[in-house]
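The structure under study comes first.

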Amino acid sequence: MTRRSRRALPATLTALVLLAASVVVAVTAVQLALGEPPWLSYDAVAGRLNEVRWSSTTVAVAGGVAAAIGLLLFLAAVVPGRARTVELDGNTAVSVRGLRNALRLAAHVDGVESASVKVRRRRVKAVVRTKRAAADGLGDAVRTALENRVGEFALVRPPQVVVRVKALRSTP
């Protein structure tokens with residue numbers, strides 16, 4: 001039950017390009033049906049394309065661009081997106097954002113000024129900042145708090161917890 005990102009940007013761009021091409025074809029067809037000169041003349045386009053040689057640089061560049069765009073769209077469709085949920089025991093899930101926010105709050109133990117947490121599939125990385133001159137034991141306290149909070153979520157695959165402590169510089 002892992003939700004993945006939707007790939008909205010490639011789908012939107014593809015839809016807009018196809019819409020633009022469809023509008024051009026529809027406008028040209030309506031103009032021809034009404035007996036008016038078409039906005040995009042078939043004879044002009046065919047004449048231009050007949051002048052272009054297969055060995056020209058323009059054809060090679062256009063083919064390369066079309067192949068690159070096709071490959072990017074194919075990869076966007078095939079490669080799975082980043083997980084938006086994390087599976088819990090049972091048949092439920094929690095959002096990665098919700099888990100990250102809960103862990104960030106849990107990282108605020110005594111002596112921590114600020115905390116940032118990154119949740120990945122196999123690792124939770126926390127960077128905490130303190131104003132203490134000696135941060136001995138603070139990393140272990142934060143790691144213990146985070147591991148306890150991860151344990152409360154009962155994740156199917158509990159991630160490894162990594163904590164980095166940074167001492168804030170004193171202001172003069």
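I counted salt bridges, taking each as a side-chain nitrogen of Lys or Arg within 4 Å of a carboxyl oxygen of Asp or Glu; the count comes to three. One of them joins the side chains of D110 and R132, at 3.7 Å from N to O. D110 lies in the loop between α4 (96-106) and β3 (114-119) and R132 in the loop between β4 and α5, so the pair ties together parts 22 residues apart in sequence.

I noted that this is a predicted model: local features need pLDDT of at least 70, side-chain atom pairs count only at pLDDT 80 or more, and totals for chains, interfaces and linings use all residues. Residues are numbered from 1 along each chain as its sequence is written, and side-chain values use heavy atoms, without hydrogens and water.

Helices (H or I, at least four residues) and strands (E, at least two) are DSSP runs, numbered from the N terminus.

Next I examined β4 (residues 123-130) and β5 (residues 160-167), which pair in the parallel sense over eight bridges; pairing requires that DSSP finds at least two bridges. K125 has V162 in β5 as its bridge partner.

I then turned to the surface. Patches are made of residues with over 30% relative accessible area (Shrake-Rupley method, 1.4 Å probe, only the protein chains shown counting as cover) and no salt bridge; like charges are joined within 9 Å, and nonpolar side chains (Val, Leu, Ile, Met, Phe, Trp, Tyr) within 5 Å. R82, K118, R120, R123, K125, R164 and K166 gather in a patch of positive charge. Lys and Arg count as positive, each charge being placed at NZ of Lys or CZ of Arg. K166 is found in β5.
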